[in-house]
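Please consult the sequence and the model shown below.

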Amino acid sequence: MTSAAVAEPQRYLETQIRWRPVEIAFWLATLLPFVLTPNYLVLASQIAITALFALSLDLILGYAGIVSLGHAAYFGFGSYTAGLIAKWGWGEPLTGLVIAAAAAGVLGYLTSFIIARFRHLALIMITLGLGLLLAEAANSASWLTGGADGLQGVRMWKLFGVFQFDLYGTTAYTYALAVLFVCFLVARRLINSPFGLALRGIRENAIRMPAIGAPTRAHIRKVYTIAAVMAGVAGALLAQTTETVSLETLSFARSADVLVILILGGAGRLYGGLVGAIIYMVARDQFSGINPQYWYFWIGTLLVAVVIFLPNGVLGGAARLVRLGRSRA
Amino acid sequence: MRACARSTWVARAMAEALLALNDVRAGYGDAIVLDGITLDVAAGGSLAVLGRNGVGKSTLLLTIMGFTRVSRGAVVWRGRDITRVAPHWRARTGLGWVAQEREIFPSLSVEENLVVGSRPGRWDLEAVYGLFPRLNERRASRGNHLSGGEQQMLAIARALMTNPTLLLLDEPLEGLAPIIVDELAAAIRRMTADEGTAFILVEQHTEVALSLTDDAIVLERGNIVHRARSRDLLKEQATLDHLIGLRLAEQPNAP
């Protein structure tokens, strides 16, 4: 009987982890830009990087309920780490990526001790404060970061010693997409584990989770560190594919953007950040083409419309449509 | 239930009781809610906690789970002093708790609610669905789509999935239709008879509570004012009337 009891929850989670056809279709569709819009591969790589950043926010916001207005801290930290390594003469992309990920993870782990103590409004203020702190530190340490001019002189070597980072973004998009996919697999595995389920319990009732045996703070520290690593990887990808790092990577605007993207797509759905990033980045590209000065006006309109009509984001709305369709049929 | 001399208390508690509280003073921040609580529960035993509203019944359970500030005394669990031990460790070593507010996870499905805290033992999905067939029917429903009675069943079932040695039940029958009260009372009876799970039951339904338990205590302003065998107390209408201020006959939903 004991062995059956151990197996049962795992069996339940295993049924959740099977790939649905719509997921396979989504990932196949990410290859379409190579064929359909080869002139937009630079934008596509930016979307993939932003999607990874949003995915990392989804882990803490969508699953563990940690609202952050300073998530760019880890993005920017990863970005500067990767940029500096390349600038100091080690331009190999993959090792740079790993080192940047580790650096962002260490920063995430250290700050997670503060994060795990707070909830709600206090948490928003603290993450905002931490983000601003780091951005200002980077600004004043211009000897290291280049300050407002950005980090110059980042030169990347060929990926695997073969693929040059080209102007068309072919290598950049391939690289960013592959890294995004690997990180997505990790996130998906994590969410469909007992740990992932416990995180959702913490989101719903952090104070009482310990009553069923889950160490709330330890779980929060763990997921926050993992999310920081992923944000750092996203930042490193940006530094490596653009061969420059600016203060913008640490800015409040970037933290706010990624929050908007996640809410737009639908938090707590794993694909929300990905879909949100596609919609947001394409919309920004189009709107700024139409009206370069006022594109935030349209982004604002889009956001208000989504929150009013699709309170659970685009994916939440899509899921509701599917349910309605099924109940009619 | 024994009132022991303090000098021998800890030794005896460690030797005999599953859970023992010794002269516990507890509360929230600076506010003291419980003062001088001493009690113990044997393995497989059961205890009813009675009293008027606001006398500290829920706080007693919260203190056992580790959610209050204990400023004096000791909580001994399976022979170990756990007064300063974190709640999640208490849960992992066999303390289960069903909160008064039920506190199920609203956006998780019934099955997810059950799986989230599950630990190996005799209570698995099959066993709790056997105890509450209604939950099996609604296994895919979200927590917040359940009726009050179903939510209460889910809260108890979720606590059972952690395979507790001692289950703390905070007014599990409150606000439920009489037929559901009977159903839940039967489930609690079966749970203890078949599985030997010890429990502490805080309940306003005095008669049901006394019929389910071995021993009973009555709380008054944060202290224990009466101890008795449950079946004896059930016959002492005058004592109950005096202590709890409610005649059994006048109780709503009393079967």
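Helices (H or I, at least four residues) and strands (E, at least two) are DSSP runs, numbered from the N terminus. The model is predicted: local features need pLDDT of at least 70 and side-chain atom pairs count only at pLDDT 80 or more, whereas totals for chains, interfaces and linings use all residues. Residues are numbered from 1 along each chain as its sequence is written, with chains lettered from A and ligands numbered from 1 in the order in which they are written.

**H10 and H11 of chain A**

- Helix H10 (residues 194-204) and helix H11 (residues 216-242) of chain A have axes that come within 10 Å and cross at roughly 115°; axes are lines fitted to C-alpha atoms, for helices over the stretch in contact, and angles run from 0 to 180 degrees between N-to-C directions.
- The contact (C-beta atoms, placed from the backbone, within 7 Å) joins A:Ala198, A:Leu199 and A:Ile202 of H10(A) to A:Thr216, A:His219, A:Ile220 and A:Val223 of H11(A).
- These contact residues of H10(A) and H11(A) comprise 5 nonpolar, 2 polar and no charged, where Ala, Val, Leu, Ile, Met, Phe, Trp, Tyr, Cys and Pro count as nonpolar, Asp, Glu, Lys and Arg as charged, and the others, Gly among them, as polar.

**H5 of chain A**

- Helix H5 (residues 72-87) of chain A has 16 residues and spans 22 Å from its first C-alpha to its last, close to the expected 22 Å (1.5 Å times one less than its number of residues).
- A:Gly89, which follows H5(A), has a positive phi near 110°.
- The axes of H5(A) and H11(A) come within 6 Å and cross at roughly 45°, which makes H5(A) oblique to H11(A).
- The contact of H5(A) with H11(A) has 12 nonpolar, 8 polar and no charged residues.

**Chain B and its contact with chain A**

- Chain B contains 11 helices and 10 strands, and 50% of its 255 residues count as buried.
- Chain B gives 27 residues to the contact and chain A gives 21.
- H3(B) supplies the largest share of the side of chain B that touches chain A, 4 residues.
- That side of chain B divides into 13 nonpolar, 6 polar and 8 charged residues.

Technical notes:
Contact = placed C-beta atoms within 7 Å. Buried ≥ 20, exposed ≤ 12 C-beta atoms within 10 Å, placed from the backbone. Parallel < 35°, antiparallel > 145°, perpendicular 65-115°, else oblique.
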